Each structure stands twice: as C-alpha cells, then as structure tokens.
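Trainee: I'd like to learn how to read a structure like this one. Could you take me through it feature by feature?

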Amino acid sequence: MPALVLLGAQWGDEGKGKATDLLGGSVDYVVRYQGGNNAGHTVVVGDQKYALHLLPSGILSPGCVPVIGNGVVVDPSVLLSELSGLNERGVDTSKLLISGNAHIITPYNVTVDKVTERFLGKRKIGTTGRGIGPTYADKINRVGIRVQDLYDESILQQKVEAALDVKNQLLTKLYNRRAISADQVVEELLGYAAQIESYVADTTLILNDALDQDKVVLFEGGQGTLLDIDHGTYPFVTSSNPTAGGACTGTGVGPTKISRVIGILKAYTTRVGAGPFPTELFDADGEALRRIGGERGVTTGRDRRCGWFDAVIARYATRVNGLTDFFLTKLDVLTGWEEIPVCVAYEIDGKRVEELPYSQSDFHHAKPVYETLPGWSEDITGAKSFSDLPKNAQNYVKALEEMSGAPISAIGVGPGRDETIQINSFL
Ligand code: GDP
Ligand code: IMO
Ligand code: MG
C-alpha cells in the first residue's frame with residue numbers, strides 16, 4: 001500500500017507540478033487534497049507547456065487516475081474550462097474523479113475574497129482573489145455548498161439562501177456593494193451539475209480500496225508549508241493545510257497508509273503575496289533570480305519575490321511534515337554565480353536562532369545569517385547523474401542536504417520531465 005505525499009517545502013511554486021508529473025507515469029492515482037484554483041503548476045512535456053490550476057498534475061499521465069479530494073475547493077466554471085482546454089489539446093480527462101464532499105467556490109465567495117482584500121487596504125494578504133479563503137470559511141462555519149448539493153435542488157436553494165443571509169448584509173451595509181441574488185446563484189450552479197456529474201464519486205472509498213489492492217497513490221499538495229493555515233506565516237497564508245496531515249483529512253486516507261513524504265524544495269526561495277520573508281533580495285541578485293528562474297506567478301501573473309536559500313525553513317518543513325525525502329528543484333538557475341549565500345540561521349534581537357521562531361513578531365525581525373558557498377559556471381541542464389554535476393554544484397547540494405534534515409533524492413536541472421537527476425527512487 002504505497003501512498004506518497006508530495007508537497008511544497010517553502011512558500012509554493014517549488015516545482016510540485018513538474019515533480020508530480022514526473023512520478024505520474026509510475027503511479028495509479030494522483031490526488032489533490034487541499035487548495036483550489038489558487039494553485040498554478042507549470043508542467044513541460046516535450047515541447048508542450050501546460051498550466052494547471054485546479055486539476056492534479058497526474059492528469060497528463062495517461063495511465064493515471066486524477067482525483068480531486070474532499071479537502072479541495074472547486075470552482076466549477078474553472079474546472080470545466082480547464083478540462084475543455086486540455087481536451088482541445090488532446091489530453092484525455094475522462095478518468096477524473098471528484099469527491100462529492102469537496103466544497104464549491106461560489107460566485108459570492110469570489111466577490112467576498114476581493115472586497116475583503118480591498119477593505120484590508122495596507123493589511124491585505126495579497127490573495128489570488130479566487131474565493132479560496134471565504135469558501136473554507138463557509139466550510140468551517142457550516143454554511144458551505146458541497147459538490148453533492150448540486151444534485152438536490154431544494155437543498156441547494158436552502159443552503160445558498162442561508163449562506164447569503166449574512167453575506168448580503170455585509171455586502172450592502174459594510175462594503176457598499178449590491179446584494180447577490182440566491183436564485184441567480186442556484187441557477188448558475190445547477191447549470192454545472194450535469195456537466196460534472198460523471199466525475200463525482202466516493203473518492204475516499206475508491207482510494208482506500210486502491211491502497212488495499214497495492215495500487216500506488218500520490219497525494220499532491222498545492223501551495224507550500226509556509227502557506228499552511230496552522231504551520232505557515234499566519235495570517236499571510238492560504239486557508240487550508242498543504243502540510244502532510246492535510247493529505248489525510250483532505251482525502252479520508254489514514255496516516256498509517258503513508259510511506260513517504262517528499263518535500264519539493266527550490267534551490268533558492270520565492271514568495272508571492274504579502275508577508276515576512278527573511279532572505280528576500282531587493283538588489284540585482286533578486287532581479288537575476290527572477291529573470292533566470294522565470295519567477296512570475298502562473299495564476300495571477302504577479303512577479304514572485306526572490307531570495308537566497310533558507311535552511312531554517314527547510315529544517316522546519318522537515319519537522320512539521322515528517323519529510324522522508326527532498327526533491328531539490330531549479331539548481332540550474334543558480335549557474336553563473338561566483339558565490340552563493342545560504343541562510344543557515346537567523347539573528348533575532350541580537351541572538352542567533354537555529355529554528356523557525358513560533359512568534360510572529362520574532363519572525364518579522366529575523367535577519368538571515370549567511371554562509372557563502374562557491375558557485376559554478378558550467379551548464380548543468382544536461383546532467384543525468386550526480387557525478388555529472390560540477391564539484392561546486394555537488395557540494396552545494398550536499399551542504400543543503402546536511403542543513404535541511406532529509407536526503408535529497410532528486411535534483412531538477414531544467415523544467416522538462418527528463419531534466420531531472422534521480423538519486424534515490426521514490427517508490
Ligand atoms: P508549483 O506551483 O510548485 O507546481 O511550481 P510552478 O509551476 O508554479 O513554478 C515552478 C516553475 O519552475 C515552473 O515554470 C516549472 O516549469 C519550472 N521548473 C520546475 N523544475 C525546474 C527545474 O529544475 N529547473 C528549471 N529551470 N525550471 C524548473
Ligand atoms: P502553488 O500551488 C504561491 C498565496 C497567495 C497569498 C496567499 C493567500 O502554485 O504553489 P489565497 O488565494 O490562497 O487565499 O492566497 O497564498 N498563494 C500562493 N503562492 N503559490 C501558490 O500555489 C499559491 N496559492 C496561494 O499569493 O499570498
Ligand atoms: Mg505554482
């Protein structure tokens with residue numbers, strides 16, 4: 001019963017899409033367990049480039065069943081347009097399964113996301129504006145709409161009315177916006193019902209049965225450890241649990257079934273949206289990382305904030321996820337620097353701190369303590385094995401491994417499926 005979890009070890013955009021796609025050929029199911037179309041995964045297959053937001057990256061592997069678990073929030077209009085976009089490019093999407101317990105991102109959740117951000121002004125989170133936070137808030141407040149509700153019109157009507165009761169008061173009286181009509185929302189949602197019905201299933205049962213039959217299941221996280229609602233840099237986080245425990249609650253598969261937890265780790269650090277980021281660079285090096293790494297958001301088109309590798313964060317990701325392996329990505333982007341600084345600890349109010357502080361105020365004051373490693377200038381994109389890498393690149397990887405607390409089992413040297421050095425097998 002090999003169940004693997006693959007998740008982001010930093011603030012997202014570590015290359016999870018590529019890593020999942022790479023494994024997709026050898027696994028039976030790829031399951032998204034949290035988040036929604038706030039995710040943006042770029043997957044490069046041959047000369048084709050795909051941008052996925054909601055669908056699991058396993059959708060590009062013909063033998064693999066892609067699954068949207070109960071922990072995911074689903075915008076049906078985005079789902080349908082992503083499916084038709086893939087179908088037009090010849091990708092078979094018919095095997096997709098969607099949990100009937102997944103929550104629906106309704107049009108009013110998207111509106112509330114946008115007006116809340118505007119209202120927060122300087123204190124805004126910098127969300128993707130896709131309705132993610134308000135949909136999870138409705139779920140926790142027990143006024144959410146689930147996929148299964150699309151198939152009972154009278155329940156749907158009652159639930160939408162209940163959800164809009166308070167929201168319309170807020171929208172009209174606080175935010176100065178027009179009220180949203182429950183009837184219109186119901187009509188729109190019912191319009192999607194038939195189009196997605198064939199995908200809706202009891203995914204918990206299917207996945208547990210599959211594991212009992214020794215099938216290989218890969219759980220694919222959206223976002224990253226530091227964007228986790230519990231373990232991230234709250235409040236500058238997303239509203240779900242990308243960390244490993246989320247794979248269980250977000251799919252209905254118990255923790256005893258999980259054998260490997262793989263953290264995807266970029267060879268430097270990026271972040272989108274607001275919030276603390278100790279190693280952020282505001283100089284020419286930051287600009288160069290952005291340019292060479294192509295660090296622009298897949299979902300919102302925003303420039304990503306860039307900085308040096310932060311080993312304190314990597315160690316933290318190992319701890320809160322119980323990581324068994326790292327997949328180090330984008331090592332090729334660092335080619336050409338004479339020296340590469342790596343953050344090994346923080347200085348907080350004059351004291352050296354080795355572990356991520358739990359106090360938000362301390363984290364905001366954290367100054368990176370750098371060690372500098374020698375760089376390399378040789379092109380590494382063609383490297384197929386560890387020994388193909390220049391000595392200094394090998395030493396950079398070894399140093400990161402030592403600081404981060406789990407073995408680096410694969411290294412990305414380019415965006416393509418085959419631009420990967422596999423050191424230990426994940427299966
Ligand atoms: P995700 O959200 O974690 O799936 O990551 P994104 O797709 O948002 O961002 C990662 C970007 O890096 C994508 O454009 C990938 O094609 C690209 N990428 C992934 N791995 C590598 C790598 O090893 N080297 C290079 N140069 N690009 C990579
Ligand atoms: P992938 O899966 C990077 C960030 C947003 C914002 C915060 C909250 O591609 O790694 P939300 O819309 O989720 O309520 O926004 O989280 N964020 C991401 N940053 N990559 C992502 O996904 C992200 N998904 C959300 O920028 O700071
Ligand atoms: Mg991304």
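Trainee: Does arginine 142 count as buried or exposed, and what is the relative accessibility behind that?

Mentor: The general idea is a set of cut-offs: buried means under 20% relative accessible area, exposed over 50%, and partly exposed in between, using a 1.4 Å probe and protein chains only. Arginine 142 has 74% relative accessibility, so it counts as exposed. Before we go on, this is a predicted model: local features need pLDDT of at least 70, side-chain atom pairs count only at pLDDT 80 or more, and totals for chains, interfaces and linings use all residues. Residues are numbered from 1 along each chain as its sequence is written, chains are lettered from A and ligands numbered from 1 in the order in which they are written, and side-chain values use heavy atoms, with hydrogens and water left out.

Trainee: Where does arginine 142 sit, and what is its phi?

Mentor: Arginine 142 is in the loop between H4 and H5. Helices (H or I, at least four residues) and strands (E, at least two) are DSSP runs, numbered from the N terminus. The phi of arginine 142 is positive, about 65 degrees, although the residue is not a glycine. Aspartate 13, also not a glycine, has a positive phi of about 60 degrees, and aspartate 13 lies in the loop between S1 and H1.

Trainee: What does glycine 336 touch, leaving aside its neighbours within four places in sequence?

Mentor: Contact means heavy atoms within 4.5 Å. With those neighbours set aside, glycine 336 is in contact with Trp376 and Ser377. Glycine 336 belongs to the loop between strand S15 (325-329) and strand S16 (339-348), and it is exposed, at a relative accessible area of 57%.

Trainee: Now helix packing. At what angle do the axes of H3 and H5 cross?

Mentor: Axes are lines fitted to C-alpha atoms, for helices over the stretch in contact, and angles run from 0 to 180 degrees between N-to-C directions. Helix H3 (residues 107-120) and helix H5 (residues 153-174) have axes that come within 11 Å and cross at roughly 30 degrees. That makes H3 roughly parallel to H5, given that angles under 35 degrees count as roughly parallel, over 145 as roughly antiparallel, 65 to 115 as roughly perpendicular and the rest as oblique. Residues of H3 including Val112, Val115 and Phe119 meet residues of H5, among them Val160, Leu164 and Leu171.

Trainee: And how far apart are the axes of H3 and H4?

Mentor: H3 and helix H4 (residues 132-140) have axes 7 Å apart and pack at about 120 degrees. Tyr108, Asn109, Val112 and Asp113 in H3 meet Ile132, Pro134, Thr135 and Asp138 in H4.

Trainee: Zooming out, how many helices and strands are there in the protein?

Mentor: The protein has 12 helices and 20 strands. Of its 427 residues, 57% are buried.

Trainee: What about a peptide bond that is cis; where is one?

Mentor: The bond from tyrosine 234 to proline 235 is cis, with omega near 5 degrees. Proline 235 is in the loop between strand S10 (217-224) and helix H8 (245-249).
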